[in-house]
Amino acid sequence: MKNSLAKLQHRYVCQACGTVTTRWGGRCDACGEWNSIVEEIPREAAPGGLGKAGGNSGRRRAGRVEFVGLEGSTAREPRSPSGLAEFDRVCGGGLVPGSTVLIGGEPGVGKSTLLMQVAAALGDPGRAPGPPIAYISGEEAVEQLRLRAHRLGLGAARVELATATSVRDIVASLDTAEPPPAVVADSVQTLYVDTLESAPGTVSQVRASAQELIRLAKRRGFALLLVGHVTKDGQLAGPKVLEHMVDTVLTFEGERGHPFRILRASKNRYGPTDEIGVFEMGDDGLREVANPSALFLAERRGDVAGAAVFAGIEGTRPVLVEIQALASPSPLATPRRAVVGWDSARLAMVLAVLEARCGLVFTGKEVYLNVAGGLRIGEPAADLAVAAALISAVSGEPVPAGTVVFGEVGLSGEVRAVGRSEARLKEAAKLGFERAISPPRRGGASDRRDRGRKKAGNGDREAAAHPGLKIQEIAHLNDLIEILAPQAAGRMARRAARAAEAEFS
Ligand code: TYD
Ligand code: MG
């Protein structure tokens with residue numbers, strides 16, 4: 001035992017990826033990061049954890065694991081909705097007692113504000129009585145926290161504030177028969193366990209501190225909300241190593257200068273992972289945005305070239321958002337292509353398809369693409385809207401006002417069906433849009449694959465489910481060009497044909 005302890009004395013941990021080595025190096029062999037290896041000395045091994053202080057109950061028999069069959073009934077995990085609908089939706093309906101939620105985000109995005117509002121909602125005086133919610137901060141003084149709560153109009157909520165960073169102290173205070181139903185720890189990078197000598201914020205400290213609190217949360221049955229700061233490259237700093245330990249990972253995103261904040265679940269043991277919650281940061285804190293489409297489209301100007309409204313789906317909700325494109329002449333041999341809010345590889349693909357199949361020319365042009373409002377889109381269904389914005393940008397013709405676009409684009413320029421069309425169309429109709437350009441619906445009468453030689457618009461169809469919305473189903477990108485830039489369509493088609501001919505001769 002003594003020997004193994006002596007061996008433990010020196011270990012070196014990469015602060016970027018958490019790899020443990022026995023000797024120091026300037027560069028981590030595992031992740032390639034420079035200057036990330038730090039010596040960490042465990043002062044004592046702590047196999048039992050810190051949570052045993054004072055407790056004489058709960059000693060378990062050693063040496064046996066009990067197995068149970070799949071049959072038998074387990075009640076669905078009870079949840080406590082906070083009452084903040086956007087937060088609850090992302091969590092999968094509310095907080096599960098005993099579970100841990102990690103909330104990551106860049107400094108200043110509003111994590112502390114969000115959690116103060118969640119804590120206050122959970123500790124609303126109108127709810128069933130019970131112990132108050134605990135809000136532990138290692139970053140702000142109690143006066144600061146109180147001041148913020150008052151400014152947010154949350155002064156009456158049953159929330160107890162504390163400033164603490166020692167996990168031993170925190171565990172000792174919370175390890176009671178009647179713990180708070182929910183505990184906020186802001187942030188995990190400020191916490192430390194005194195069995196490790198490394199500084200707070202190092203991988204070992206973050207991991208050990210979180211482990212202690214998670215264990216306690218499970219044992220005492222409270223919901224634990226951990227805040228984790230994220231480094232600039234988008235990784236949870238250190239907390240990357242926490243992701244497997246917690247039940248739910250939420251990220252809080254927002255563009256600087258935009259009031260919109262998006263809460264996204266990237267892992268959830270108790271719910272879906274594709275939900276988003278939308279908030280707006282104002283002077284009195286975060287306001288829930290029940291209708292994100294209206295928000296994302298609020299600053300839209302209908303008559304500019306290079307903009308198209310995409311009818312997307314985020315989680316279970318349809319969200320309409322504007323996609324903006326700009327193509328300008330470039331003096332560079334390799335013109336710039338920059339994307340905000342979408343995948344740059346997909347932009348490259350859509351550009352290549354427009355050039356090769358439709359005769360649009362982007363050589364010598366810089367291309368910029370932006371998803372308005374700071375939203376990040378992951379759906380291939382945005383292809384067609386991106387194509388519409390690009391066609392409009394190079395032709396100078398604005399996309400007709402009141403039009404939404406969605407559909408996936410294949411490499412031959414064909415427009416492919418996407419899921420949840422009805423929900424997209426319904427949302428567009430609800431927001432007063434008059435026209436939708438969409439893929440042919442599967443199996444529908446207008447499911448034609450005639451490469452756009454037929455006049456665009458033949459697929460027009462008015463559905464009873466969304467009155468007032470004219471739906472134009474198109475099968476190829478050439479149809480889109482015919483709709484958006486009819487006078488340029490012929491020229492482009494001839495160019496594409498010539499290019500195809502040249503290829504074969
Ligand atoms: P904060 O919650 O402290 O961010 P984090 O904990 O993620 O670091 O939020 C800080 C920012 O939010 C700060 O720039 C000010 C802004 N803010 C508002 O605009 N309105 C408000 O009511 C509050 C509380 C903060
Ligand atoms: Mg904070």
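A salt bridge is taken here as a side-chain nitrogen of Lys or Arg within 4 Å of a carboxyl oxygen of Asp or Glu. The model is predicted, so that local features need pLDDT of at least 70 and side-chain atom pairs count only at pLDDT 80 or more, whereas totals for chains, interfaces and linings use all residues. Residues are numbered from 1 along each chain as its sequence is written, and side-chain values use heavy atoms, with hydrogens and water left out.

**Salt bridges**

Glu 86 and Arg 89 stand three residues apart, about one turn, in helix α2 (residues 85-91), helices being DSSP runs of H or I with at least four residues. Glu 86 is buried at 4% relative accessible area, while Arg 89, at 25%, is partly exposed; buried means under 20%, exposed over 50% and partly exposed in between, with a 1.4 Å probe and protein chains only. In helix α10 (residues 421-430), Glu 427 and Lys 430 are likewise separated by about one helical turn, with Glu 427 buried at 7% and Lys 430 exposed at 59%. Elsewhere, a network of salt bridges links Glu 253, Arg 264, Glu 314 and Arg 376.

**Ligand 1**

An oxygen atom of ligand 1 lies 2.8 Å from a polar backbone atom of Lys 111, and an oxygen atom of ligand 1 is 3.1 Å from a side-chain N or O atom of Arg 148, where a polar contact is a pair of N or O atoms within 3.5 Å.

Definitions and conventions:
Chains are lettered from A and ligands numbered from 1 in the order in which they are written. A polar contact is a pair of N or O atoms within 3.5 Å; within protein, one must be able to donate a hydrogen and the other to accept it, and residues adjacent in sequence count only if both atoms are side-chain atoms. Helices (H or I, at least four residues) and strands (E, at least two) are DSSP runs, numbered from the N terminus.
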